[in-house]
Number of protein chains: 2
Amino acid sequence: MTSITKAACIGGGVIGGAWAARFLLGGIDVAMYDPHPDAQRIVGEVIANAERAYAMLTMAPLPSKGQLTFCATLEEAVDGADWIQESVPERLDLKRGVLTQIDAAAHPEALIGSSTSGIMPTELQRDMKHPERMFVAHPYNPVYLLPLAELVGGERTSKETLELAKARLAPIGMKGVILKKEIEAFVGDRLLEAVWREGLWLIHDDICDTETLDDVIRYSFGMRWAQMGLFETYRIAGGEAGMRHFLAQFGPCLSWPWTKLTDVVDLDDALVDKIAGQSDAQSGARGIRDLERIRDENLVGIMQALKAGDGGKGWGAGKILAEFEQHLWAKGGGAKAAPDIAAPLRLVDTRVSAAWVDYNGHMTEHRYLQVFGDTSDALLRLIGVDFAYVEAGHSYYTVETHIRHLGEAKLGQSLYATLQILSCDEKRIRFFSTIHDAATGKALATAEQLMLHVDSKAGKSVSAPADVLSRLTPIAQAHAELPVPDGAGRSVGQR
Amino acid sequence: MTSITKAACIGGGVIGGAWAARFLLGGIDVAMYDPHPDAQRIVGEVIANAERAYAMLTMAPLPSKGQLTFCATLEEAVDGADWIQESVPERLDLKRGVLTQIDAAAHPEALIGSSTSGIMPTELQRDMKHPERMFVAHPYNPVYLLPLAELVGGERTSKETLELAKARLAPIGMKGVILKKEIEAFVGDRLLEAVWREGLWLIHDDICDTETLDDVIRYSFGMRWAQMGLFETYRIAGGEAGMRHFLAQFGPCLSWPWTKLTDVVDLDDALVDKIAGQSDAQSGARGIRDLERIRDENLVGIMQALKAGDGGKGWGAGKILAEFEQHLWAKGGGAKAAPDIAAPLRLVDTRVSAAWVDYNGHMTEHRYLQVFGDTSDALLRLIGVDFAYVEAGHSYYTVETHIRHLGEAKLGQSLYATLQILSCDEKRIRFFSTIHDAATGKALATAEQLMLHVDSKAGKSVSAPADVLSRLTPIAQAHAELPVPDGAGRSVGQR
């Protein structure tokens, strides 16, 4: 049993709230404990951001959202939870006390993760009775999109705990990365801290301002690091001669005066004023909500781009996303009611994402066909033509499509798509899909399509098997009673 | 005059070759001087990679490729060049000598950039007679894709030089970022050096292996940094309270033991062996050429995703790409011959990129429509409906499309698309496009489409102006002599 059935989030700030969003959208019930008066508002805002991002991130069938409960006591929250995530402020005494309280109240088999950015788990677990199931699970914001959790055990953490934690995170689209040894700030925050110190010196010494420094990162190695890390990038830089050559070439720089490494900058009022002022000049025209939205849309776009990487197999975070989606397809989404077959089937609900629009903010032409493709995919899953079926060597291929544009979809607009079967036989399905504006129901585009059942290896059409036809036929029979949609059966330009 | 007419590349390794590729694909002639016996091979490989990447990167009309000449002497290479880029090995005496030789031979107005990773321009320009036009232009690999060049002046560099250099890089899709002061290793390499030192310690101390360290980067802050840098990311982390709040919260960590900042690791044989071994285990299953290909495809995907950012206006490197494309559209591409209108017009040449394929490596359905859309866009530009025309308030909108799939396109396959006009009047164009396999000419898909000329603000169809019709009509008349293509005028499923 590697999936979480109930999660408890102790501490509901930005990090605790984003953990809650990750669990909830993964279909897991969450009990939250945070006595802060603003906790419900903050968590609600984070979850809204996460839902918006997921609507753009994937067409895979998300499970029914888990239920969120705010609890009056920590004990109530951890009751029955098999994953407890502590995200209280970064003070050793406070965290130690909370973890000891969790330890006393939780089921002995429950896993207990801490979101600490830097405190060693050995320090945190000191007073626990069952420290073997306690570890650091250090996430990165936004937790609901970035897949990483650094998993770090203390002296008394069992090895099985880290492996089990990693296995439990995978079904919610997260990548648990296990460190071999504990160290303050783990791996990611140590690297970030190194950059941060050096960056502060560059601002302090007026080498550049904050915007220039950010531009240097995002126009260069930031894009490299979104897909490969430090060592794999440098391996390429070493060329055919590889890593050893790179080390020989760049090793000597270590002793050159290339960083301020022996000094710590004094973050005095003057430097704080300088940084805050430059940051206002750089980013102040946009509010934080706006920047968060842009960040999340960009992350979604980057992850989708990486999902297409390595010849469609997925690369880096895109590969994690692909695995997450395969898991979702296999599960088949939430316990949705079987669709009403006496009407056109409502098969897709989506939203026009930033990647789908042209510079005028209108949905580009080929994205309509993408939504129609998602709609026919949903029909296929309904009749048993799923990922496993396709992997086994048969599928339906679209051979013809006739699209009519009746209106325009704009950035952020909610859409849904319906599908009516026009005719079918052993090999063919002809059907008519409509993309609607979700607010008014108005048709924005229609597509008449013809699909052929094929043996994909032989590359020729063959009859579909009886079990697929037995699911298809009742729908086709019910739809035969419906009026033929306006626009079906026409050629281009025909009235 | 802010564009480069002839560039000289002095030094033709990976960096010099990639500069040459950037210039050549930007339509600029390049004279290369490098006495190394492998220079021509290395440069040729880099240019091939760059051409492959550009074919996936943009549908904008690239200019006719510049001409590459290998010269026997440095003097011959710099003759007539208005941008000279020095990319010889990283030794002060060598670079100083080469720059002095360039200085003596070059036109006094020519700009002279050095690709040095870390040497201060004041040091480099010491012996030059015209040091005012010499500066550091430090790029990041792959130079043909990553837009950044750090522009750094020395004590004797004029301010106008840096601004002029920045202006000259923009038309080839590069972002020149001017630093306020010189410092060893500039900004990017100082930040990278800080991470590199800390990373070496983490491997040395067995906290993790190289693959884990890379995973930590690419599953977390790498994706943040591809779009925003350090300060803008932290501004968001500070929430509504902003940068000042963030500094107050995280300032104290500076004095915590979060990095090994006071020590420099000894890169002895044991550590080199450890890193090289771990890197082999992590990446050794793929050759460098394979990793380069994956890196470039991912960068293309990330840049295209960012181009859709901020509601389609473009963000970060995606905004640079959008600006580059607008520049290319405005220039209208290379001096191509006017197409032969006595046959279907060949309007698009492209290649199936990684982002276009499904997990089986086949081009996904909606990407066919994307290519058909690019084809009709090319027709529109041919008849004068370009970016400026659309901005001014009129356009042609596609209202109907009938696609037939006749074959499959696979990852990396070269394609071209042809278009035949079937009929037209003042408001409408009905046409028939075909996507062909470039190797065999075989038709893989066809599309019959109907476009309406519209007043985009009023949202209604209106007659096209006379100058547009005067360009359209002769093509339509010529195409009326051609046979009606097989498949035109049919409804879905009609034989």
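Predicted model: local features only at pLDDT ≥ 70, side-chain atom pairs only at ≥ 80, totals over all residues.
Chain A has 495 residues, of which 51% count as buried. Its C-alpha atoms fill a box of roughly 75 × 50 × 50 Å along the principal axes. The secondary structure of the chain amounts to 18 helices and 14 strands. Among contacts in chain A with a separation of 6 or more, 68% link residues 24 or more positions apart. The domain assignment divides chain A into domain 1 (6-186), domain 2 (196-285) and domain 3 (337-480). Between the centres of domain 2 and domain 3 of chain A, taken over C-alpha atoms, the separation is 48 Å.

Ile10(A) has Tyr33(A), in strand 2 of chain A, as its bridge partner. Strand 2 (residues 29-33) of chain A is mostly covered, with four of its five residues buried.

Helix 12 of chain A spans residues 269-283. Its 15 residues reach 21 Å from the first C-alpha to the last, close to the 21 Å expected at 1.5 Å a residue. The buried residues of this helix are Ile275(A), Ala276(A), Gln278(A), Ser279(A), Gln282(A) and Ser283(A). Viewed down the axis of helix 12 of chain A, these buried residues fall within an arc of 165 degrees and therefore line one face of the helix. On the other side of helix 12 of chain A, the exposed residues are Asp269(A), Ala270(A), Asp273(A) and Ala281(A).

Lys95(B), Val98(B), Leu99(B), Ile102(B) and Asp103(B) are buried in helix 4 of chain B. Because these residues cover an arc of only 140 degrees around the axis, they lie on the same side of helix 4 of chain B. The cover over the buried residues of helix 4 of chain B includes strand 1 (6-10), helix 3 (74-78), strand 4 (83-86), strand 5 (111-114), helix 5 (121-124) and strand 6 (134-139) of chain B. The face turned away from the buried side of helix 4 of chain B carries the exposed residues Asp93(B) and Leu94(B).

Further along chain B, Ser376(B) lies in helix 16 (residues 365-382). Ser376(B) counts as buried because 23 C-beta neighbours lie inside 10 Å, where the cut-off is 20 or more. Residues up to four places away in sequence aside, Ser376(B) touches Thr398(B), Gln449(B) and Met451(B). The C-alpha atoms of Ser376(B) and Phe432(B) are separated by 9.7 Å, although the two residues stand 56 residues apart along the chain.

The two chains meet through 131 residues of chain A in contact with 131 residues of chain B. By class, the side of chain A that touches chain B has 64 nonpolar, 37 polar and 30 charged residues. Strand 10 (residues 394-405) of chain A and strand 10 (residues 394-405) of chain B pair in the antiparallel sense over five bridges. Glu400(A) stands opposite Arg404(B), a residue in strand 10 of chain B.

How values were computed. Residues numbered from 1 in each chain as written. Chains lettered and ligands numbered in written order. Helix = DSSP H or I, 4+ residues; strand = E, 2+ residues; numbered from the N terminus. Expected span 1.5 Å × (residues − 1). Buried ≥ 20, exposed ≤ 12 C-beta atoms within 10 Å, placed from the backbone. Arc of directions from axis to C-beta. Contact = placed C-beta atoms within 7 Å. Nonpolar A, V, L, I, M, F, W, Y, C, P; charged D, E, K, R; others polar. Pairing = 2+ DSSP bridges. Domains from an automatic or database assignment.
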